[in-house]
Amino acid sequence: MKYRENKKTKDKISEIGFGSAYIFEAGFDTAVKTIRHAFESGINYFDMAAGDGSAFPMYGEALSDVRDNILYQIHFGADYSRGTYGWSLDLDTVKRSLDKQLHDLKTDYINYGFIHCQDEFSDWETYQRNGVYDYLLQMKDEGVVKHTGLSSHTPAVIQKIMDDADIDMLMFSINPGYDYGQGDYAHGGVDERAEVYKRCEKEGVGISVMKPFSGGQLLDVRQSPFGQALTPYQCIRYCLDKPGVLTVLPGAQSIAEVDELLSYYDKTEEELDYSIIGTFAPSQAAGKCVYCNHCKPCPAGIDVGLVNKYYDLAKVGDSLAVEHYKTLEKNASDCISCGHCNSRCPFGVGQISRMKEIANFMV
């Protein structure tokens, strides 16, 4: 397992986390063994937007003895007060649900307390007006909540809430389908979504990724909006290459499924290469580097994807990106204009001219 640091909280977070939408369907004993196996395999980040309230006692049984070694992402607005999942902006309901979740998890604190599922501007207005956000801040002041987060599918709403609130973590739906306008949660255009990634990286807000496989659609050629299937490993790499992303949160219902996900680290670069998405990227994505590194190897030894990522971040004011760029052994100024990257780029990026542009900018 590899870990990434949340710049604001200093937490070390496993690149592959654990989503809880369907774990309850495995049954109590199997779920407990699966969750424990995930932890023992290095997964330390667990999202608790569970599909059913019965999941919480499963986690309590599996992880209560190692509570200080794991990170729970718990949602203020995900309602389990009646057992099944619901969504509520009512303060009393939120309080009842959180009391139940903490009891069933056998814990008295929350690592990341989330403003839950804010997809409309009106959701945020209601969340504040009803006192739910003030309650989250109160819990933070009292030490029950260690850090704050936000979950949303809508870039414009994310930008608004990040303007208004101090956020340490964002849960966002990321996959090639959504980024390219395909799927029920494909909110925002290519550039609008990219701005969220870059802002999070710049401000040190970590991103945890929900729906990395678009509900499984991207893995099935019959359901894929592109008429081609991707592998889970291509989808995971795609997410982890995005600025700001710390962890991807697929679900699992068995030890075998956990092991299958973690075999990501055994895959070759060819197996992780997702450049096939260039064949179905929309016109507005043409000419934009997505850091897929399909252009490797560069004859001059430049990590073209990383150079592009640092440049894009530097353009939005990320001073650390400039410093990281300057520590690279090879950078844009070392480009020999051989055209190798241009000929291999599935997105039609003119890297020769872009390297000149980057070299002039990063002086």
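1. Cys 117 is located in the loop that lies between β7 and α4 (121-129). Its phi is near 50°, a positive value in a residue other than glycine. Helices here are DSSP runs of H or I with at least four residues, strands are runs of E with at least two, and both are numbered from the N terminus.

2. The model is a predicted one, in which local features need pLDDT of at least 70 and side-chain atom pairs count only at pLDDT 80 or more, whereas totals for chains, interfaces and linings use all residues. Residues are numbered from 1 along each chain as its sequence is written, and side-chain values use heavy atoms, with hydrogens and water left out.

3. Lys 10 also has a positive phi, near 70°, and is a residue other than glycine. Lys 10 sits in the loop between β1 (3-5) and β2 (12-14). With a relative accessible area of 52%, Lys 10 is exposed. For accessibility, buried means under 20% relative accessible area, exposed over 50%, and partly exposed in between (1.4 Å probe, protein chains only).

4. Asp 168 occupies the loop between α6 (155-164) and β9 (169-173), and counts as buried at 5% relative accessibility. Its side chain makes a polar contact of 3.5 Å with that of Lys 8. A polar contact is a pair of N or O atoms within 3.5 Å; within protein, one must be able to donate a hydrogen and the other to accept it, and residues adjacent in sequence count only if both atoms are side-chain atoms. Leaving aside neighbours within four places in sequence, the residues in contact with Asp 168 include Asn 6, Tyr 112, Lys 140, His 147 and Gly 204. Contact means heavy atoms within 4.5 Å.

5. Helix α3 (residues 91-105) packs with helix α2 (residues 55-63) at an angle of about 35°, and their axes are 7 Å apart. Axes are lines fitted to C-alpha atoms, for helices over the stretch in contact, and angles run from 0 to 180 degrees between N-to-C directions. From α2, Phe 56, Pro 57, Tyr 59 and Gly 60 meet Gln 101, Asp 104 and Leu 105 of α3. The residues of this contact divide into 4 nonpolar, 2 polar and 1 charged. In this division Ala, Val, Leu, Ile, Met, Phe, Trp, Tyr, Cys and Pro count as nonpolar, Asp, Glu, Lys and Arg as charged, and the others, Gly among them, as polar.

6. The buried residues of α3 are Thr 93, Val 94, Ser 97, Leu 98, Gln 101, Leu 102, Asp 104 and Leu 105. Seen down the axis of α3, its buried residues fall within an arc of 165°, so they line one face of the helix; the arc is that of the directions from the helix axis to the C-beta atoms. These buried residues pack against α2, β4 (71-76), β5 (78-79), β7 (110-115) and α5 (132-141). Asp 99 and His 103, on the other side of α3, are exposed.

7. Lys 106, which follows α3, has a positive phi, near 60°.

8. Lys 296 and Pro 297 are joined by a cis peptide bond, with omega about -5°. Pro 297 belongs to the loop between α11 (269-272) and α12 (304-315).
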